[in-house]
Amino acid sequence: MKMTVDDYLGQITNERIVSENVEKTVAQAQQAATLKTAIEFMLDQFDTGHLGQYVMDVKMKKGDNVSVRLEANLINVPMAEAERLDVKMLDRGPEYPVNLYMIIESEDVNQSGLRIDELANDTDQNGDIDTLVNRMSEWLAENLAVVAEARG
């Protein structure tokens, strides 16, 4: 799927984002079946031409819950900060591929409290789902471990 910056911002502004919100424990969030459900949900949104967001509210053993999300975006900026997609970062005219990003938010993940990494670009989105599940599984385990370690 490809979109111009204006099309992307228009879908967000008009709240045309298809979203799924779930609550999970750390163990549940890391299960391959959970990750596969989340990734398939997002790929379904791409297939129908919609922006999507899959939000997992992960209950940690210590401290506040952690937000783990899959989001569609043109660059590695959370949807909530879409206004940053201005002319300094992307030209308004051309269409850009919509990529799939993994996001974790917690004051304990790093100094900024936010980690965002690409899970799938427009080529990867048509690839093997198990590859994407494995990639997200490794990323999630690593980042949840950082949060748990910071909390002692």
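The dialogue below goes through a predicted model of a protein and the terms used for it.

Student: What should I know before we start?
Tutor: This is a predicted model, where local features need pLDDT of at least 70, side-chain atom pairs count only at pLDDT 80 or more, and totals for chains, interfaces and linings use all residues. Residues are numbered from 1 along each chain as its sequence is written, and side-chain values use heavy atoms, with hydrogens and water left out.

Student: How many helices and strands does the protein have, and what makes a run count as one?
Tutor: The protein has 4 helices and 7 strands. Helices (H or I, at least four residues) and strands (E, at least two) are DSSP runs, numbered from the N terminus. Along the sequence the order is β-α-β-α-α-β-β-β-β-β-α.

Student: Why is the protein called as compact as a globular protein of its length?
Tutor: Its radius of gyration is 15 Å, and the globule rule gives 15 Å for 152 residues, so the protein is as compact as a globular protein of that length. The radius is taken over C-alpha atoms, and the rule is 2.2 Å times the number of residues to the power 0.38. The C-alpha trace spans about 50 × 30 × 25 Å along its principal axes.

Student: Why is R69 called buried?
Tutor: Buried means under 20% relative accessible area, exposed over 50%, partly exposed in between (1.4 Å probe, protein chains only). R69 has 8%, so R69 is buried. Buried residues make up 45% of the 152 residues.

Student: Where is R69, and which residues are in contact with it beyond four places in sequence?
Tutor: R69 is in strand β4, residues 66-73. Contact means heavy atoms within 4.5 Å. Beyond its neighbours within four places in sequence, R69 is in contact with residues including Q53, Y54, Y101 and E105.

Student: What makes the pair R69 and S67 a polar contact?
Tutor: A polar contact is a pair of N or O atoms within 3.5 Å; within protein, one must be able to donate a hydrogen and the other to accept it, and residues adjacent in sequence count only if both atoms are side-chain atoms. The side chains of R69 and S67 make such a contact at 3.0 Å.

Student: Is Y96 buried or exposed, and why?
Tutor: Y96 has 19% relative accessibility, and the limit is under 20%, so Y96 counts as buried. Y96 sits in strand β5, residues 96-97. A polar atom of its side chain lies 3.0 Å from the backbone nitrogen of D91.

Student: How far apart are Y96 and T4 in sequence and in space?
Tutor: Y96 and T4 are 92 residues apart in sequence, but 6.0 Å apart in space, C-alpha to C-alpha. Among the contacts of Y96 are M1, K2, M3 and V5.

Student: How do you know that N99 is buried?
Tutor: N99 has a relative accessible area of 9%, which is under 20%, so N99 is buried. N99 belongs to strand β6, residues 99-105. The side chains of N99 and Y101 are joined by a polar contact of 3.4 Å.

Student: Why is N110 called partly exposed?
Tutor: N110 has 29%, between 20% and 50%, so N110 is partly exposed. N110 lies in the loop between β6 and β7.

Student: Which polar contacts does the side chain of N110 make?
Tutor: One joins the side chains of N110 and S112 at 2.9 Å. The side chain of N110 also reaches the backbone nitrogen of G113 at 2.8 Å.
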